[in-house]
Amino acid sequence: MTDPTATDSRTTTTRRTTARARRRPHPERWFAFVGLLFISIGFILPFVWMLSTSLKTLDKAMELPPHLIPHPVVVRNYATVLQRGELNFPLLTHNTLVVSILSVLGTTLSSAIAAYGFAKIRFKGRSALFGIMLATMMVPFPVLMVPLFSIFRWIGDHTPIQMLGTLRPLWIPAWFGSAFSIFLLRQFFLTIPDELSEAACLDGCSDWRIFWQIIVPLSRPALAVVALFTFLGAWNDFLGPLVYIQDRQQYTLSLGLEAFQSQHGGTEWNLLMAASVLVLLPVIVLFFLAQRTFIEGIATTGGKG
Amino acid sequence: MTRKEARQLVRGLTFLSPWIGGFLAFTLVPIVLAFYYSLCDYSLLQSPVLIGLSNYRALMGDPIFWKSLINTLIYAAIALPAGMLVSLGLAILLNQRTLGQPLFRTILFIPSLVPTVASAMLWLWLFNTKLGLINTLLATAPMQALLGALNTVLHALHLPRIETPIGWLTDPAWALPSLAIMSLWGVGYTVVIYLAGLQDVPRSLIEAAEIDGAGAWQRLRHVTLPMLSPVIFFNLIMAIIGTLQAFAIPYIMTGGGPARATYFYTMYLYDNAFRYLKMGYACSMAWIQFLLVVLLSALAFWSSKRWVHYQGQ
């Protein structure tokens with residue numbers, strides 16, 4: 001807005017409409033409220049049902065018609081799930097945490113490095129490479145899984161590093177950057193003015209130092225978004241572990257829960273729900289700890305695409 | 001290339017090297033390898049043997065391949081538009097300044113965080129024909145009355161009646177729609193993207209339209225939606241890619257049944273590769289899937305010129 005008259009007319013318009021808006025009742029807001037209320041109940045009900053079943057005895061869980069409030073409340077179901085030898089919850093959690101944490105560290109670090117290259121260094125072929133990177137986001141994992149499986153098998157056969165039968169195939173690729181994270185971080189790095197790094201590092205400052213001492217500290221919110229989404233992705237992944245892991249000792253929570261279900265499916269619903277709540281819980285806690293990061297992170301993904 | 005340009009190139013490539021390495025090892029080489037394997041008889045136990053286009057020819061005559069492809073496309077045809085409409089609708093509702101708006105936003109978002117396996121377990125239980133919550137609610141008097149009215153309408157239209165209890169996951173006719181219904185529970189992520197887009201629509205534009213006498217619907221149709229079209233386009237592409245590779249939910253919940261009604265493309269690919277050890281055959285499916293994603297995305301890009309409006313263009 002360089003034209004002062006334009007700004008003026010806009011302010012008066014806004015003032016006029018707010019005055020009008022105050023007088024006018026808002027039927028659409030009430031409509032939205034009632035609609036949202038009903039829909040929210042619908043969205044919450046599955047959680048209530050899950051929690052309720054997880055606190056019932058098996059008999060009560062199979063009762064017809066079912067009661068929403070469990071009676072008696074059986075908290076022991078959770079202890080049972082944690083102690084079940086065949087489910088081995090502590091081991092599953094440990095494996096899942098190993099994969100998730102290594103993926104988070106790897107993706108955040110390697111994606112930030114690549115994003116710096118895309119955002120802060122001008123060189124021939126940069127936009128072509130950037131285009132290729134964006135295109136890789138559209139390649140579905142199922143397309144790659146068979147060759148990836150044989151690549152990991154080849155590495156295991158020809159080098160001393162075992163791949164299949166370990167958790168490595170699940171986190172090693174994370175250390176080479178993920179297109180989604182690189183894109184997100186690049187968008188953020190672009191908003192950091194170049195003058196800032198130039199002023200802070202007059203002459204003879206290496207890219208590496210600019211990256212660590214200026215870009216990284218200023219980008220904590222964006223890095224948190226990447227870390228969060230990577231964690232969720234690794235925590236939730238099912239197809240990856242299903243393809244690469246055969247040994248029960250390496251099962252992740254997803255695989256373990258699925259195996260438990262297919263053995264006991266249709267019988268122990270109360271335990272199954274308790275186990276599901278346990279898998280879900282860390283994610284929910286994480287969400288409430290970092291709600292703003294979540295919402296803003298998602299907003300950047302779609303908005304700037 | 002001048003010396004300065006060369007130095008810049010080295011700087012850039014240094015920082016991109018981890019990604020370039022990963023791209024080659026975990027994306028480009030696998031895509032090329034998948035194509036090579038697709039031309040081979042490859043059972044994992046022996047080295048691949050070139051057999052030309054036989055795998056592709058066999059696929060064309062494979063009824064299960066077609067079944068799984070058609071299932072996936074039908075599912076996409078239901079879940080994709082339904083998901084787009086519901087998420088956009090919810091975002092528009094959430095964009096109104098109502099009481100408890102932040103709470104509603106949180107409630108609608110949280111289901112999209114539920115880990116796939118947990119969500120599969122939960123919905124197996126909700127959809128349970130005899131004991132599930134959904135059929136229990138449908139058996140209550142008000143819902144029965146509603147269903148009765150719906151059936152009268154269906155009867156008048158010469159459509160089949162809805163018989164309760166519904167075998168959500170056990171009735172071949174219901175299984176695919178059930179999975180699509182379930183997918184709506186997870187729209188929260190998309191809703192948040194839309195919501196951010198809606199908040200970027202300049203208020204001045206909407207107010208200007210209001211002053212010119214545009215009603216709520218006209219403002220939505222002629223101001224909000226065009227301004228939102230880049231976001232809609234982004235979500236459309238993501239949804240196409242996502243639905244075409246649906247795997248975990250049907251694999252866990254139905255195993256592809258009943259009567260292969262929910263046997264999805266990726267499941268057949270997985271089974272060929274890791275159950276029947278027909279890796280070459282699986283790779284020819286992978287390449288067809290890849291081409292399908294490229295084709296549909298290209299179609300969306302092509303059509304986007306007609307309906308996507310970028311600000312400042």
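This is a predicted model: local features need pLDDT of at least 70, side-chain atom pairs count only at pLDDT 80 or more; totals for chains, interfaces and linings use all residues.
Student: How are helix α2 of chain A and helix α5 of chain B placed to each other, roughly parallel or roughly perpendicular?
Tutor: The axes of α2(A), residues 27-54, and α5(B), residues 116-126, come within 10 Å and cross at roughly 90°. Angles of 65 to 115 degrees count as roughly perpendicular. The two helices are therefore roughly perpendicular.

Student: Which residues of α5(B) make the contact with α2(A)?
Tutor: On the α2(A) side the contact is made by Pro46(A), Trp49(A), Met50(A) and Thr53(A). By class, the contact has six nonpolar, one polar and no charged residues. From α5(B) come Leu122(B), Trp125(B) and Leu126(B).

Student: Which element gives the most to the side of chain A that touches chain B?
Tutor: The contact takes 77 residues from chain A and 77 residues from chain B. The chain A side has 51 nonpolar, 18 polar and eight charged residues. With 14 residues, the element that gives the most to this side is α2(A).

Student: How far apart do the C-alpha centres of domain 1 and domain 2 of chain A lie?
Tutor: Chain A is divided into domain 1, residues 27-74, and domain 2, residues 86-303. Eight residues of domain 1 are in contact with seven residues of domain 2. The distance between the C-alpha centres of these domains of chain A is 33 Å.

Student: How many residues does α2(A) give to the side of domain 1 of chain A that touches domain 2 of chain A?
Tutor: Both α2 and α3 (58-61) of chain A supply at least two residues of that side. Its residues divide into four nonpolar, three polar and one charged. The most is given by α2(A), and its number of residues is four.

Student: Where in chain A is Pro72(A) placed?
Tutor: The peptide bond from His71(A) to Pro72(A) is cis, with omega near 0°. The place of Pro72(A) is in the loop between α3 and α4 (76-83) of chain A.

Student: Is Arg260(B) buried or partly exposed?
Tutor: Arg260(B) is not a glycine, yet has a positive phi of about 60°, and lies in the loop between α12 and α13 of chain B. A residue is buried if 20 or more other C-beta atoms lie within 10 Å of its own. Arg260(B) has 19 such atoms, so the class is partly exposed.

Student: What is omega for the cis peptide bond that joins Gly257(B) and Pro258(B)?
Tutor: Pro258(B) has its place in the loop between α12 (248-253) and α13 (265-275) of chain B. For the cis bond joining Gly257(B) and Pro258(B), omega is about -10°.

Note on methods: Residues are numbered from 1 along each chain as its sequence is written. Chains are lettered from A and ligands numbered from 1 in the order in which they are written. Axes are lines fitted to C-alpha atoms, for helices over the stretch in contact, and angles run from 0 to 180 degrees between N-to-C directions. Angles under 35 degrees count as roughly parallel, over 145 as roughly antiparallel, 65 to 115 as roughly perpendicular and the rest as oblique. Two residues are in contact if their C-beta atoms, placed from the backbone, lie within 7 Å. Ala, Val, Leu, Ile, Met, Phe, Trp, Tyr, Cys and Pro count as nonpolar, Asp, Glu, Lys and Arg as charged, and the others, Gly among them, as polar. Domain bounds come from an automatic or database domain assignment. A residue is buried if 20 or more other C-beta atoms lie within 10 Å of its own, exposed if 12 or fewer, and partly exposed in between; C-beta atoms are placed from the backbone.
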